[in-house]
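Have a look at the model first.

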Amino acid sequence: MVRKLIIVLFLFSVAVLSYDSLPYFHFSVYRPLSMFSMFAASFLLLFTGYRFKMGDYFLLAFAMYSIGHSLVVSIGYEDLGSSFKHVITLLFGLSMYRTSVYIAQQTKEDPALIGWIAKSLMVAFVPPLAAGFLQLLDSLFVHSGFSGAFTGLFSEKVYKGRIQMLSGEPSWAAIHMLSGGLLMLFLFKQGYRRQLPLLIGTAVLTVLSFSAYAYSVLLTALLIYVLITNKNRGKMLLVLAVCVLVIVVGVPYLLETFHVSGYFTDRFQFNFNHLIKTDNSLFVRVYFPAIGFIEFAHHPIFGVGGGYYYKEFADLLLKHFSDGLKFEEVSDLVFNRPEMATSRNLLSKVFAEEGLVGAMLIFGFMASILKSAEGNPYAKFAFALCVSLVMNFDSYSFVNFWLLVGFIRGGFFDGLSALQETGIDTQSMKGMKHVA
């Protein structure tokens, strides 16, 4: 009974994966429903025989060090609240990882569970993709903003002319499309043919979202994949080159052809010096992580403590990057709400807050995850995608990251051998191979 309840909670988490900013929940800017059911499932795991694997002890050691260090420094900072919030997000991250590993292991014992995951993925993406295509129609042809009324039911902030699906921000929508697209591709290759229309729709929206973040993550993931794999390296380099060509040549052509305009289109003129002075989002994504590494240089061994990136943020920005004060978001964080400042990059966050001690533990954990992915191209690309996704995300409650990392550890992407047990006949598989 406990096992069934854990599976139901996990399937619900997958089904609401892309609904990350419902206006009815105000506990944080990033508020995916998925993490609550994942946390509940992780609690139920206490009543099963689930145990962490050897490589997971790096993660456990990191969590214990980070929590203990944060609580200790909170005394000196006289700010227990920031430490508490940090501890909560870290515990949520651990719970999502544990649950994802467990479910991945269960798919080996019960391959039919993969089919239920495929169904949940459709629930997660059919309505958001429908919203995305409405936004695309509105952006390219109608230009009335009509799609915002529907999007506003799911997100407090609606970006006119952007493809944000039902997410709180276009970049979060890109995260879901990239991570969800990988799962769709894998499931399609497993024989779940209904994933194909979903995969095609996701690919189209990813390209036509004109999201510099999405393109950057994809190119970075492909580059990392090329570096960590020995098989098909030449083919992947060709894919990488084609993607670069599409972004550098194809995207500007589409923008001009469809007369798409907006702050985000200026990024495809590839004038970095101009953009860093005029684009608030780019300034934040470049210099906020840089501040984190400056903090690390000041506190190289132990860092400033989990949850306390903000402590030196305002002073360092004024000293090194004061040009950013012309942006309302930046000046507001410096003068009015410095405690809300975050590094916007998980790597920067780890170095700034945890120092070399914490960074070595995290790198040890990720190295063990890469070892688990050895010999499996899907798992390796999932690893590369995880590493690149965090370039603009610094919360330990990052559902997509832990879902993919847990699936790698649990062997979810090794499930091709179980096809016959799922009831997929040999003839269907031959057809699938021909399509592939």
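Grid points are joined across faces, edges and corners, and a volume is the space filled by probe spheres set on the points.

Keep in mind that this is a predicted model, where local features need pLDDT of at least 70, side-chain atom pairs count only at pLDDT 80 or more, and totals for chains, interfaces and linings use all residues. Residues are numbered from 1 along each chain as its sequence is written, and side-chain values use heavy atoms, with hydrogens and water left out.

Now for the cavity. The structure holds one cavity of 30 Å³ or more, and the volume of the largest cavity is about 40 Å³. Around the largest cavity you'll find Leu136, Ser139, Leu140, Gly161, Arg162, Ile163, Leu208, Ser209, Phe210 and Phe264. Helix α5 (residues 112-142) gives the largest share of that lining, three residues. Helices (H or I, at least four residues) and strands (E, at least two) are DSSP runs, numbered from the N terminus.

Next, the second largest pocket, with about 910 Å³ of space. Its lining has 28 residues, and Leu185, Leu218, Leu222, Val239 and Phe381 lie nearest the centre. The elements that give two or more residues to this lining are α7 (170-190), α8 (195-208), α9 (212-228), α10 (233-257) and α16 (377-389). From α8 comes the largest share, seven residues. Sorted by class, the lining has 23 nonpolar, four polar and one charged residues. Here Ala, Val, Leu, Ile, Met, Phe, Trp, Tyr, Cys and Pro count as nonpolar, Asp, Glu, Lys and Arg as charged, and the others, Gly among them, as polar.

How do α7 and α8 sit against each other? Their axes come within 9 Å and cross at roughly 150°. That makes α7 roughly antiparallel to α8, a label used for angles over 145 degrees. Axes are lines fitted to C-alpha atoms, for helices over the stretch in contact, and angles run from 0 to 180 degrees between N-to-C directions. The residues in contact (heavy atoms within 4.5 Å) include Met177 and Leu185 of α7 and Leu199 and Thr202 of α8. By class, this contact has 10 nonpolar, four polar and no charged residues.

Helix α7 also packs against α9, at an angle of about 35° with the axes 8 Å apart. Ser171, Ala174, Ile175 and Leu178 of α7 meet Tyr213, Ala214, Val217 and Leu218 of α9. Seven of the contact residues are nonpolar, one is polar and none is charged.

Finally, back to α5: helix α1 (residues 2-15) packs against α5 at an angle of about 35°, with their axes 7 Å apart. Among the contact residues are Phe10 and Leu11 of α1 and Trp116 and Ile117 of α5. By class, that contact has 11 nonpolar, one polar and no charged residues.

Terms used:
On a 1 Å grid over the protein atoms alone, a cavity is a set of points where a 1.4 Å probe fits but cannot get out, and a pocket is an open set with protein on both sides within 12 Å along at least five of seven lines; lining residues have an atom within 4 Å of a point. Angles under 35 degrees count as roughly parallel, over 145 as roughly antiparallel, 65 to 115 as roughly perpendicular and the rest as oblique.
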